[in-house]
Amino acid sequence: MAIKLLEKPFFTATLICILIFYSNSARLNQRSRARFCLEESAVSSVEGEIISSPAKTQSGKYYICKLSLNTVYGKVSDADANSSARGIITLLIPSELAEVYFPGKLYTAANNKGAFLYESGALYNFKGSFSNSVFIAKDCRTCSWKKGIYGRIDYFRALCRLQFKRLMYAWGNAGGLLLALLCGSREYLEPVLYSNFRTAGLSHIIALSGMHLSMFSAIALFFGSRFGRKKLTFIIRVTALILFVWFAGFSPSLLRAFICSMLLLFAAIAGVKEPDMLMILCFSFLLQCILSPSDLVNAGFMLSYGALAGILITSRFLTKIIMRYLPPYFSLSLSASCGAQIFTAPLSLKLFGSFSPIGVIATVFVSPLITIFIYSGLLFIILSLIFPHLSSYSAFFLAIEYNFIKIITGAFSQAPLISFGE
């Protein structure tokens, strides 16, 4: 099998790239490295466009995002100075600023510090300072949205995400989980549940990835097939995928899922009945390395590709063994989970110092529950928008599902971890 894989050019090229990049034999080209004339220590404010949706840090004190620089300001020899700038920096926005319009957090300490809506696509001027090449903002002086159709689209997206957060906030903890699953925002995710997912080896389930895209693609396929036209179904599915990633925002794992999903759709429209999934994954890896080489050092990128590669390479062999003892559904789910764990366990030990073996079994039980939760959540959202008086009933039924998920994940989180060096 290994010899046959090496005969495939995409697999060989991917293997060579992995060996070169992760053995430190070659340096990544920092195309997006920040460049400006002032010294970092002299910079007191930066101006640029936020290009990623701000996400809350683990400490909860800041929201982290990427800022595409236009100008930096500071002092040189006690005189005011500014410099045009290029490249991308990591920006930390204090939570009291980022959450100023968030539901349930309206009365924050953002007095005269910048009560703006912080989302990708807008131009900001932040006052603060650099620390280890990360700009820590203290306040925000200005915010403006680009003129023209693209600026209006970005502003519309920001408003949609804010309104969605308000609806989810009204649904309590269940809404917080649904918000994380559909929007990638974890501000309202109950800390206990998040801890359960992490400890039980289920973090991949709440990370935006292929599972979420495949669900939206399946919904689009269901409605598109009602028309009986293959091309129209293809257009509906592509539109659904684009709208989802546009609303949720790209992350390395979601970009991987988007590329793979688009390749599968184009293969289907071209009449390919059984595309080689491993070659699609390899092509996606190479393409993402070209589009965003900085993703190579991202943990989500490595774990996402590692998990899917493990499933594709080992699941057939593992399924044959497990089917001797278990029914088909459990055999397929357990073999996929085992394959993913085989490839990601070494990565988890290297990156985080531990991994959870119980995740193999926990995924088999929790993944279907999350799928049901997402589908029912989407249904309740549509019903609540059409019939607002049903919102409280929707919250009640979602809360039942949520509590069941919390109990199951809590039980699996009690299993011991395997730590590096122990």
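Modeller: Happy to! Rings of Phe, Tyr and Trp (its six-membered ring) pair if their centres lie within 6.5 Å, with planes under 30 degrees apart counted as stacked, over 60 as edge-to-face and the rest as tilted. By that rule, Phe 116, Tyr 118, Tyr 124 and Phe 126 are linked into a cluster by ring pairs. This is a predicted model, where local features need pLDDT of at least 70, side-chain atom pairs count only at pLDDT 80 or more, and totals for chains, interfaces and linings use all residues. Residues are numbered from 1 along each chain as its sequence is written, and side-chain values use heavy atoms, leaving out hydrogens and water.

The structure has 18 aromatic pairs. Phe 36 and Phe 130 are stacked, because their ring centres are 5.9 Å apart and their planes lie at 20°. These two are 94 residues apart: Phe 130 belongs to strand S6 (residues 122–131), Phe 36 to the loop between helix H2 (9–22) and strand S1 (43–50). Helices (H or I, at least four residues) and strands (E, at least two) are DSSP runs, numbered from the N terminus. Both Phe 36 and Phe 130 are buried, meaning under 20% relative accessible area with a 1.4 Å probe, protein chains only.

Now the nonpolar core, a set of buried Ala, Val, Leu, Ile, Met, Phe, Trp, Tyr and Cys residues joined through side-chain atoms within 4.5 Å. The largest has 65 residues, and among those touching the most other members are Phe 126, Phe 197 and Phe 373. A second, separate core of 11 residues includes Phe 285 and Tyr 305.

Technical notes: Buried < 20%, exposed > 50% of the residue type's maximum accessible area, 1.4 Å probe, protein only.
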